[in-house]
Structure formats: structure tokens, C-alpha cells
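This report looks at charged side chains and how they pair up. Please keep the sequence and the model in view while reading.

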Amino acid sequence: MPLDSVAAGVPDDRRAAVAEAAASLLEAALPEEGADSPESRSRLALLAPHATRLLAVAADERTATLGVRMLRQVYDSGDYAAAPALAPTVVEAVRGVLGAEHRLVLNAQHLQGTALFRMGRFAEAEALHRGVLERRETLLGAEDVDTLHSCAALSQSLDLLDRDEEAESWGRRALDGYRRTLGEDSAEALFIWCGLIEILPQLGKEREFAEEGPLVEACERALGPDHPTTVPARHDYAGGLFEFGRHEEAEPMARQVLADRNRLQGPDHPLTLSATSLTARITHGLGRIDEAVRMMKELSERRARVLGHEHPFAEHDRAWVAAWQAEARG
């Protein structure tokens, strides 16, 4: 029975207790935070409608916190199509309970922006992150960790909008701030360092890229080989090697990342698809065109199924397949 139908039949003097019990049950059923396995994605898909109905019929600070946790976990699980659909409901409900300037509301809007980014809606993500950044800086201060999170997210959006110099500037502000507030080896500092590794080749800064070489070793030492920051560090460094034409060096690292993603997240996770794309492009760069076409054709079908046919990355996949097939025909 729908939760709002249950709520309608509960006496007024019992509603708070029933809502508290429902929140406790939902909280206990959620996967462990940070889980991004296929099993966690399936469980979250079943639980998300219950979280939104609970927010609709029993909105308070606890259920608002639970709703933002649900949104974050849906995003972290790799269900990037579901997160932007869930986000507006959560943001509106949490704003109604806590007010527009509450830290938790800004966290929910930040998550909404990251979800839009992952779905290829880069301009919308950039505008949302810029607005959240301005409010966080005013309310929390320039050195607050949440403000630095906004700087990092803005850098990512600007990078995909091909505004690389702006992206580098915001990324370096985030990196410097994380290092001051959280430490050189914090996961946050190392993560945005990965982002800068990705931007430098686009700016043609090969010397600076070479100077950032210790990133992968720093992540492995501080966080371990399978940490959610260490794997993208290898990915971004391999991608930089590829961009500078160092294909033979890039290939073993890219194939390691692809194997890691398949092992950790499964074959249809968006991050696994990203690793497949890099590996296919390196394979093409090494002159193994038929192999690259096969990889990219399979990727194109999977990415369209997971993220949608109109996603910019799915469109890029199809363009590469067409170009490489024409190349193979001579």
C-alpha cells in the first residue's frame, strides 16, 4: 500500500511515531554509504520511491537528512540517470523543512548539480554549482570544505564545457584549500589533483603534466589501490599520456583501470564505460583499428542503454565508430 495512503489512516496523535518508525526502517534498509555495486544500485532503486513518499507525508529534519543521504547514495552507486530525476523532489522537500540557506539544502543542490553533470547537462550543472558556490562562500566562508567542494565541482563542469583555463583556476583553488584544511594526502585533495591531471593535457602543458607524475603513487600510498580516488587517478594519468601521444605507456595503465572497474563496479557502471572508451581510443592510437572499432561499437550500445541515446558521450562513441570504420575502409 502506498505510504501516503497509510499516513492518511493514521490518527494525528500517532503520526510522529509512525513517521519515526518508517524513517528507522528505511535507514536500516539502505546499503552502506559509499557502496557502488550492482546489488546496491538495485536496492536503492527499490527504496528511493519510499524515501520520496516519506518526505512528502512526514517531512522533518530527520527525514530531510535521510532524503539527502538517499540522493547521495543513488549518485554514488552510479545510477546517474535516476539521480537527476530524484534530486528536484529532495531539494524542494528539504528546502521546505529547513529553509533555502541551510547547509543541508545546499548539499542537496550540490548533488543535483553533480547528477546533471554526469548526465551530460554540463551548462546546467555549471550554473547550479556557481550559484551554490556563491551562497556557500557567503554563508560558510571561502575556506569551508563545502565551499571547496563547490570549487572542485565547478572546475569539472567548466572542463567539459571546454573552458579549460577557468577549470584549471577553480581546480587549483580547491586543491590549495583542501591541502590547507584537510592535508596533502586527504582524499579530497588527491581527487581534485586527478582533475587537474585531466585538464593539463587539454592546455598543452606537458611539462606541468610530467611534474604531476607522483599522483598515482601518492593515492596508492595514502588511500590504497582500490580507493574511489586511486582508480580515477590511474585513469586520468593514462588519459594524459594518451593525449600527449604516449600510447605505449598509456595502454597497460588504461587496461588495469578497465579491469579494476569491471571488478569493483561491474561492466555497465558509467565509470567502467568511461574506462572502456579510453582503452578503445588508445587501442586505435596504437593502430589496432579493427579491435578499436569492436570495442567502441559495444561501448556505444551499452552507454546508450545506461545513460541514454542522446547523452553527449554516447554521441561521441557513435562518431568515433563511424570515423574509424571509414578509416578501416581506406
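A residue is called buried when its relative accessible area is under 20%, exposed when that area is over 50%, and partly exposed in between. In this predicted model, Arg62 has a relative accessibility of 25%, and therefore counts as partly exposed. Arg62 forms a salt bridge with Glu27, and the closest N and O atoms of the pair are 2.7 Å apart. This pair links distant parts of the chain, since Arg62 lies in helix 4 (residues 61-76) while Glu27 lies in helix 2 (residues 15-29), 35 residues apart. Glu27, with a relative accessibility of 36%, is likewise partly exposed.

| Salt bridge | N to O distance | Relative accessibility |
|---|---|---|
| Arg62 and Glu27 | 2.7 Å | Arg62 25%, Glu27 36% |
| Glu249 and Arg246 | 2.9 Å | Glu249 44%, Arg246 26% |
| Glu291 and Arg288 | 2.8 Å | Glu291 24%, Arg288 31% |

Salt bridges can also join into a network, as they do for Glu220, Asp226, Arg234, Asp260 and Arg263.

Leaving aside residues up to four places away in sequence, Arg261 touches Val231, Pro232, Gly266, Leu271, Thr272 and Ala275.

Notes. Residues are numbered from 1 along each chain as its sequence is written. This is a predicted model: local features need pLDDT of at least 70, side-chain atom pairs count only at pLDDT 80 or more; totals for chains, interfaces and linings use all residues. Side-chain values use heavy atoms; hydrogens and water are left out. Contact means heavy atoms within 4.5 Å. A salt bridge is a side-chain nitrogen of Lys or Arg within 4 Å of a carboxyl oxygen of Asp or Glu. Helices (H or I, at least four residues) and strands (E, at least two) are DSSP runs, numbered from the N terminus. Buried means under 20% relative accessible area, exposed over 50%, partly exposed in between (1.4 Å probe, protein chains only).
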